[in-house]
Amino acid sequence: MLCDKSKTELVVFPAGKADTRYTLIPNFSTVKAYAFYGSQKVTNITFPATVSTIENYSIALCNNLKSLSFMGEDNVPVLNANIMYKSGNANQVTVYVRKKWYESHAADVTTYNGVFKEVHPSFVSTSGYDRGTEFFPTSTTNVGVISFYTPRTSVIINPKATETTYTDVYGKTWPTKTYDVSSILDYAYQNETTVKGIVVLADVGIIGLDAFKAGNQLKGIYFVGNTPALLNSVDYELPNDYPFNDGQTIYVKESKVSAYQDTWTQGHTLNITYKIPATTLAYRATACYPFDVVYNTSGDVMPYLPLQYKRMTQMSQDKAYVRAKSIDNGYVPAFFGVMLASENSASASSYCQMDENQSHTAISDADYNAATYYMVGVVEDTPIANTTSNTLFGLSKSGTFKKISDSGNTIPYFKAYLSIPNADIPMGAKSIQFVFGDFDSETTGIDGITEKSKDSDDAPYYNLNGVQVNKPSKGVYIHNGKKIIIK
């Protein structure tokens, strides 16, 4: 490919290029005649939004061309059959355009439908964790993320994107079709002020200009793929259009940190790391990620399974107790909610990291039963409410899981909450406390309850019926998990 980057006209000679698809260099306005003359390998040409003119014969004798893609939301150059002079049949070539342009240019759509196979708009996902994302076809089998049509706090980009059956504004019904997600295109998240977390599960090959230059609220971008994508700003020598804000935190697998740093940090500052923070407040936290993670079990923050609820008799009427069992190998599969707890410090910091294999292995603990596991993880901001069958408990700043109010509750992305059947909850229970390890009938289940530091003199006192005593007098009590006698 030969071109003059200092001009607004593009002359391309693609002879010998092995790739079967082309994305034209940005910022050009004109594609000159014979630019792709005689290419027998090119199957798709994706035109940047700045292209306003395509001269006759520019795609002459391209007999394997299947599609043309125009990224401009407000602009598609004038098209006619002569731009494809003797390039097979124009009526076998699909023209892909942006949804906004398609819906506002009825006359052009009608004209081009008479020349080419069809004019096909981009589509906006309506379901799943990528809903609200606009996907733009860059070939008959591939799409790229081109905009955040309906912004949210978090978004997950899967390896596949499905255009579901729908009828467009012109009455045409489009069938369901699934594409491979191969790119994050130019300006996809530029200037977005809502999104805080972006997870790319797809192994994308290209990241476009300014693609992730969102506001400062974008705290983390997670790339689960093994191969760092090529950056258009580097390939086309446009450093001012680098896709990331300087200092952006990007999470990748530990084994891939060096590869991402070598490919992406050329002349820029990025925080590329494998350590995803795991922090407790008042000894507690919750977590849930859309990819497999492994926690650093040598630190003071451990993941726990809140196991099947077990009603305990003679307990305080305003509290209920649940058993928590540590996940000793630290492995937590994707979309699985867990409780985090620290033993030695009320506010502790550690980390988890992406599992290298991402095999999504189920929890194998013998005490775990999916049907009776009451912690629910979320990967996007999720409104929750009590139901006629279950009562929900959210983690408070005091480190206690408290019964939620009847309305106006939202669990933040990458967090979790408890949902417990009403039949299992003592009447009047307003919060959930945890028993760590096995139930011990001799101490009525009080052993291992951690509300303050394990060895703290400020830890609460319980009588032998399990009721917390604010001012213990003479008698036998449970304190710091031990029986003590006050005389």
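Q: How many helices and how many strands are there in the protein?
A: This is a predicted model, in which local features need pLDDT of at least 70, side-chain atom pairs count only at pLDDT 80 or more, and totals for chains, interfaces and linings use all residues. Residues are numbered from 1 along each chain as its sequence is written, and side-chain values use heavy atoms, with hydrogens and water left out. Helices (H or I, at least four residues) and strands (E, at least two) are DSSP runs, numbered from the N terminus. The protein has four helices and 41 strands.

Q: What percentage of the residues in the protein is buried?
A: A residue is buried under 20% relative accessible area, exposed over 50%, and partly exposed in between (1.4 Å probe, protein chains only). Of the 487 residues in the protein, the buried share is 51%.

Q: Which residues touch the most other members of the largest nonpolar core?
A: A nonpolar core is a set of buried Ala, Val, Leu, Ile, Met, Phe, Trp, Tyr and Cys residues joined through side-chain atoms within 4.5 Å. The largest one holds 49 residues. Those that touch the most other members are Tyr289, Phe291, Tyr295, Val338, Met339 and Phe434.

Q: How many residues are in the second, separate core?
A: Phe135, Val143, Ile198 and Tyr242 are among the members of this core. Its residue count is 38.

Q: Which residues does tyrosine 289 touch, not counting residues up to four places away in sequence?
A: Contact means heavy atoms within 4.5 Å. With those sequence neighbours set aside, tyrosine 289 touches Ile276, Pro277, Tyr295, Ala334, Phe335, Phe336, Cys352, Val379 and Phe414.

Q: Which residue in β30 is the bridge partner of isoleucine 276?
A: β23 and β30 (residues 349–354) are antiparallel and share four bridges. The partner of isoleucine 276 in β30 is cysteine 352.

Q: In which sense, parallel or antiparallel, does β13 run to β16?
A: Strand β16 (residues 177–184) pairs with β11 (residues 142–148) in the parallel sense over four bridges. Between β13 (residues 160–163) and β16 there are also four bridges, and glutamate 163 has lysine 177 as its bridge partner in β16. The sense of β13 and β16 is antiparallel.

Technical notes
Two strands pair if DSSP finds at least two bridges between them.
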